[in-house]
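Welcome! Take a moment to look over the sequence and the model shown here, and then we will walk through some of the details together.

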Amino acid sequence: MASETLGGTAALKDLRDGFTGEVITPDGPAYDEARTIFNAMIDRRPSAIAQCETPEDIAKALRFGRDLDLEIAVRGGGHSVAGMSLTDGGLVIDLRRMSAVVVDPGARTAEVAGGATMSHLDRAGEPYGLATTGGRVSTTGVGGFTLGGGAGWLDRKYGLICDNLLSVHLVTSDGNAVRASEDENPELFWALHGGGGNFGVATSFSFRLHPLPTVTAMMLLWPADAGRDVTRAYRDFLESAPDEVGGGLIFLTGPPEEFVPEHMVGQLVCMALVTYAGGEAEAREVARPMLGLGHAGEMIVELPYAELQCMLDDPPGCRNYWSAEHLDSFPDEAVDLFCARASDMIVPSPSQHVLFPQGGATARMNPDFPIPWRRAPWVAHPFGLWEDPADDERARRWAHDIRADLQPWSSGAVYLNFIGYEGEERVIAGFGPENYRRLAAVKAEYDPDNVFRLNHNIKPAPAA
Ligand code: FAD
């Protein structure tokens, strides 16, 4: 149904009647803001955006969408690079008004509403010195992040965020409320550890928190031409580093910050970001191999975790393309290829040519979850952000070239939150073929009509 014909229909009036939140249509003043997501390349015009405030709103919106046969998108933080939280002509179930977080400091848990961002969660834990693994920025939605797995600065110490998930409340495709935990609907709970938004709209998550009064961040900078030596040293350092160490090796445009030498501002630079789940003195001791390399600029700071989380927030409004290759090993030959591709990145721009370490608790915990990529020790993650549409093809090619170069060391698995839509084979690689079959059976039980298909889609298994 075209957006022009939806306004004023009886169905729309019924939806608005008793709806706690707000239903926004193309003729409303808030429409353009409401359909804006992180990736500025995605320009889609839904027929209606249901900004829900309660699980009942969600059930009502679902019924409306299904009755009118509208394509249904579910929006959390709006950070999916492929724009999976927006639809052209369909209905968006927008969860941003559902952002409450309640921390129980005694039990060390947090109850987080389905549309909260990482910032909501991090800030709620801060007064108690409690935290759990979040994404590496504060603006990501807890929903999409968690349901995909959830990797961040703390994952080597505390595992992925999905390793800290205690239960989820969902509204399923038929409008029913369901709770999933280890002892309630356990197969669904298993599927929610990486299976994304395929099984329903998550209205709240319960997480385990950890005492974390302080963290340390070290940003050490070199000119890009020192990148190969720095990357080798970083790899060797991480391979025997304690679980408290996180971070990444990042080629980026030197930002206009005090710690960046003037001649490096606006130029391609290499940064070793060492995060440490603890205080500065300990962090300096542990990071001695990196600190002794002779860097050109540094910022070393001890701060609350919630501050670290927003330190590297990316600017919204850019065009985006990212991909990822998970590596079983990262020998010198791979280092050289990885570093050489840094010079293909668009500079100056907010793009980042990233190498993330995994290992630690990420590799040790919950091997049965449907996310085989967790076992790879390294992830190459070209993260392209730029402004000029004329650079679109260049940015895509850069990401694809890195993947092609690193194929000999690829684990074959991929973290789906780190890529856009790259075809069905890559979706299956995100879970592994056996897990995919098991997930498809869960999908058939909870969403047999594939209502929730704007995601890394798991097709419902055919009826036996
Ligand atoms: P949305 O676009 O709103 O949603 C993404 C998908 O999840 C959609 O299919 C949507 O339907 C579904 N979804 C969202 N909320 C719910 C819900 N409550 N119930 C059911 N389905 C839902 N990932 C990491 O692991 N680590 C990082 O450090 C990291 N850094 C990032 C930095 C930036 C700047 C960006 C843009 C992304 C980053 N990501 C990272 C990737 C991020 O985790 C994924 O893009 C994730 O899907 C975003 O979730 P969202 O809720 O913000 O996105």
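Is C270 buried or exposed? C270 is buried, with a relative accessible area of 0%; buried means under 20% relative accessible area, exposed over 50%, and partly exposed in between, using a 1.4 Å probe and protein chains only. C339 counts as buried too, at 10% relative accessibility.

The structure holds zero disulfides, a disulfide being a pair of cysteine sulfur atoms within 2.5 Å. For C270, the nearest cysteine sulfur is that of C339, 6.7 Å away, and C270 is in no disulfide.

## How to read the model

This is a predicted model, in which local features need pLDDT of at least 70 and side-chain atom pairs count only at pLDDT 80 or more, while totals for chains, interfaces and linings use all residues. Residues are numbered from 1 along each chain as its sequence is written, and side-chain values use heavy atoms, with hydrogens and water left out.

## Around the ligand

Let's turn to the ligand.

For a polar backbone atom of F145, the distance to a ligand oxygen atom is 3.5 Å.

## Aromatic rings

A search of the whole structure finds 11 aromatic pairs. Rings of Phe, Tyr and Trp (its six-membered ring) pair if their centres lie within 6.5 Å; planes under 30 degrees apart count as stacked, over 60 as edge-to-face and the rest as tilted. W322 and F383 have ring centres 4.9 Å apart and planes at 20 degrees, so this pair is stacked. W322 sits in strand β16 (residues 319-322) and F383 in strand β19 (residues 378-386), 61 residues apart. Both W322 and F383 are buried.

F356 and F418 form a tilted pair, 6.0 Å centre to centre with 35 degrees between the planes. Both F356 and F418 are buried. They also belong to one aromatic cluster, formed by W153, F356, W373, Y415 and F418.

Technical notes: A polar contact is a pair of N or O atoms within 3.5 Å; within protein, one must be able to donate a hydrogen and the other to accept it, and residues adjacent in sequence count only if both atoms are side-chain atoms. Helices (H or I, at least four residues) and strands (E, at least two) are DSSP runs, numbered from the N terminus.
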